[in-house]
Amino acid sequence: MSRDHRPPIRNPFLPPTPEEPEVPARDGGHPAGDGGDADAPAASTAREDRLAEFRLGPAFRPHPADRVPGPVPSARVLVVCTGNICRSAYVEYALQAQLNALLGDRGRAEVTSAGTEPNQALTVPGPLLDRAPSRRVRAALTQHRPQQLTGRSLAGQDLVLTATDDHLDEVLREDPAAVRRTFTILGMGTLLRDHGEELAAAVPPGAGVTALVTALAALRSRLIAHGERPDADLPDPFRGPAEGYAAMAQTAQPIVELLAWEIARALDGDLVEEEPTGA
């Protein structure tokens with residue numbers, strides 16, 4: 001398997017590892033580790049600087065005028081299930097929230113969802129609202145209304161995620177050309193979890209979401225050719241016990257986090273982070 005020889009992804013919210021030099025303080029103080037009473041303040045200031053740079057992006061960096069402006073990279077993702085009030089709705093808003101937090105103003109990502117058989121009279125069930133990963137996601141789920149999957153909703157999507165193989169087939173009936181950019185949610189999780197190092201080697205930071213999706217499709221094709229079946233169905237918890245909603249959310253959330261990191265990394269070549277906890 002190919003090894004990724006690029007510098008390790010760095011999380012600015014964490015202190016540096018023992019083998020990593022601390023970032024010097026911007027106020028002219030000594031770098032952390034130089035000794036003396038300035039050690040603790042310098043380390044604290046440097047960490048605050050990393051936090052600010054991560055949150056504010058280019059606006060925080062010195063001499064922003066020296067940076068050549070260019071088009072903001074973007075990605076469009078569509079999530080599909082049956083009624084568009086449980087599986088696809090949850091993944092839509094959880095993934096959008098993760099991407100917003102990662103990218104800031106350094107990239108745009110638009111996540112939408114649709115159902116193959118939506119009922120406009122239905123809303124997101126209460127047990128799923130209780131499983132929302134944040135208050136913002138819960139508010140979005142509360143306001144969500146199901147949408148019908150159509151050829152128009154598929155137009156221009158960089159990536160399509162489906163809850164099951166049957167939904168994947170429905171997508172391809174609407175748009176056969178979407179075959180290499182459509183994956184089941186669990187299949188995507190298998191590719192990202194079990195083959196992340198290979199993907200990292202194939203898709204340099206900032207390569208773009210098209211390069212990421214192309215690499216994912218090629219990897220899936222190779223696995224299928226070797227008798228493996230990465231795609232699988234995410235069970236529908238609708239009208240079932242609360243435990244079913246919890247199990248669905250617990251299964252989908254790690255995949256959402258891994259996918260958000262990969263999309264953000266593909267869009268923003270300057271994003272330096274480590275894999276999310278629990279990935």
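How many cavities of 30 Å³ or more does the structure hold? I looked this up before anything else. The count comes to 1 cavity. I note that the model I am reading is predicted.

**Entry: the cavity**

I checked the volume next. The largest cavity has about 50 Å³. Then I asked which residues line the largest cavity. I wrote down Val 91, Leu 95, Leu 161, Ile 185, Met 188, Ile 255, Val 256 and Leu 259. I sorted this lining by residue class and got 8 nonpolar residues, no polar ones and no charged ones.

Which helices each supply at least two residues of that lining? I found α2 (87–103), α7 (185–194) and α10 (242–267). The largest share belongs to α10, with 3 residues.

**Entry: the cysteines**

I turned to the sulfur atoms. A disulfide is a covalent bond between the sulfur atoms of two cysteines. How many disulfides does the structure hold? I found 0. Cys 81 is in no disulfide, and its nearest cysteine sulfur, that of Cys 86, is 6.9 Å away.

The cut-off I used is 2.5 Å between the two sulfur atoms.

Is Cys 81 buried or exposed? I read a relative accessible area of 2% for Cys 81, so I noted this residue as buried. I looked up Cys 86 as well. Cys 86 is buried, with a relative accessible area of 2%.

Conventions. Residues are numbered from 1 along each chain as its sequence is written. This is a predicted model: local features need pLDDT of at least 70, side-chain atom pairs count only at pLDDT 80 or more; totals for chains, interfaces and linings use all residues. Side-chain values use heavy atoms; hydrogens and water are left out. Buried means under 20% relative accessible area, exposed over 50%, partly exposed in between (1.4 Å probe, protein chains only). On a 1 Å grid over the protein atoms alone, a cavity is a set of points where a 1.4 Å probe fits but cannot get out, and a pocket is an open set with protein on both sides within 12 Å along at least five of seven lines; lining residues have an atom within 4 Å of a point. Grid points are joined across faces, edges and corners, and a volume is the space filled by probe spheres set on the points. Helices (H or I, at least four residues) and strands (E, at least two) are DSSP runs, numbered from the N terminus. Ala, Val, Leu, Ile, Met, Phe, Trp, Tyr, Cys and Pro count as nonpolar, Asp, Glu, Lys and Arg as charged, and the others, Gly among them, as polar.
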